[in-house]
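Student: I would like to go through the strand pairing in this model. Could we start with the terms?

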Amino acid sequence: MIESLLVANRGEIARRIIRTAKRLGIRAIAVHSEVDAGLPFVTEADEAVCVGPANPAQSYRNVEAILAAAKSTGAQAIHPGYGFLSENADFARTVEASGLIWVGPRADAITAMGDKINARNLMAAAGVPVAPGTTDPAADLDAAVAAAAEIGYPVMVKAAAGGGGMGMGVATDETALRTEYDKVRSFAERMFGDGSVLIERYFPRVRHVEVQILGLADGRVVALGERECSVQRRNQKLVEESPSPAVSPELRERFLAAAVRAGEAVGYRNAGTVECLLDPATNEFFFLEMNTRLQVEHPVTELVYGVDLVEEQLRVAAGLAPTFDPDALAPRGHAIELRINAEDPKRFLPGPGAIKTWVEPTGEGVRVDSGYTEGNTVTPFYDSLMAKLIVSGKDRVEAIQRARAAVAAFELAGPKNNLPFFAELLENDEFLSGDYDTGIVSRMR
């Protein structure tokens, strides 16, 4: 097993990776920006190195500084967490070229799945269902208009290099398409350095369902069930649950088989997620994208399948067999994750600030993965995620009951937060029925 691990991330995910590393007897090394020096992940690590100022480009995305920290601390491996450099193929190559172990998929898989058009074409060739759309970037507005006419309105205009719900727009007619095309291309050039745009069929009522895969050290790819991610604001997830209340045993079998084919198509190793859109009217699903990293919502899979996905990542990176029997994977019970963000619960606008009160809920079936504690300050430099409240139960009904109690018991004062939204959601008839889609939040507002 790996003996020393540098975690190239911050907040709750760095703290969560450090927790598993220390349980396994691995020396855990944190890197942090100047403003993050007092956060729990820094104080809980065996060693910590400041890698720069608050600006992520000068700290958490500073490849030179991170590699220098790895060298100075004698780290054997680097875990990138999610965000920042986690899906940067060049960083993965540089880590390995430096003689370090990369705890993630191979760089060529990151590259293959990082471009949405290339990924769509690869998946189609592998027999994974893809939504009607362009097989090449829409080179200009005229090409986009022609593609949309062939696909049929409404269409989704997407940045080929985008991710995390960013760089997307919906066009219901040609006039709207002309506006959205320029908007998305400009955003993509600014944010991703790549203005390539693809056009896809847009489904007005759709569910967002994803499958957790793990590429094992022996070359096999296994699927650890699906997660429902349809509670979203601005195409970004707020709630995830597993199993999905929309997925029957027969549909689950098709979902998981398609996800395994997706992983096999790129020789996938380590943890990854195959994201899909599910049309609830027809039970058809379509490949959306593949996230070549650990997901924010991985804890719901851990609770339902009884595995520690970070430990499995480390084992794959070290060339070891998994702790579980790949041929005997089966879900037990139900789990729900609520993303506790420093944001206004009505408009979901960021609301950073000093944390005056922080008391986490406890009890059977309650887990909190937090990046902050009382006395810390949520700064405006990073994502607004403060913690993940994860609950589990023998079934969905019990999990929801525990979620209600946990939300009510979570004492948080200082920054604006979305706990009131979750209290509302957990009483919402549409959510309680399980028959909801990605429009549920807009209907609540």
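Tutor: Two strands pair if DSSP finds at least two bridges between them. Helices (H or I, at least four residues) and strands (E, at least two) are DSSP runs, numbered from the N terminus. This is a predicted model, in which local features need pLDDT of at least 70, side-chain atom pairs count only at pLDDT 80 or more, and totals for chains, interfaces and linings use all residues. Residues are numbered from 1 along each chain as its sequence is written, and side-chain values use heavy atoms, without hydrogens and water.

Student: Which residue in β4 is the bridge partner of V7?

Tutor: The partner is H79. Strands β1 (residues 4–7) and β4 (residues 77–79) are parallel, with three bridges between them.

Student: In what order do the five strands of the open sheet lie?

Tutor: The order is β3-β2-β1-β4-β5, with parallel pairing. At the edges are β3 (47–52) and β5 (101–102), each of which pairs on one side only.

Student: And which strands does helix α3 lie across?

Tutor: Helix α3 (residues 63–73) lies across β1, β2 (27–33), β3 and β4, and runs at about 155 degrees to β3. Such angles run from 0 to 180 degrees between N-to-C directions, the axes being lines fitted to C-alpha atoms, for helices over the stretch in contact (heavy atoms within 4.5 Å).

Student: Changing topic: how many residues of β19 are buried?

Tutor: Nine of the nine residues in β19 (residues 385–393) are buried, that is, under 20% relative accessible area with a 1.4 Å probe, protein chains only.

Student: Which strands run antiparallel to β19?

Tutor: Strand β14 (residues 334–341) joins β19 through eight bridges, with I340 opposite A387. Strand β17 (residues 366–370) is also antiparallel to β19, over five bridges; there V366 has V391 as its partner.

Conventions
Buried < 20%, exposed > 50% of the residue type's maximum accessible area, 1.4 Å probe, protein only.
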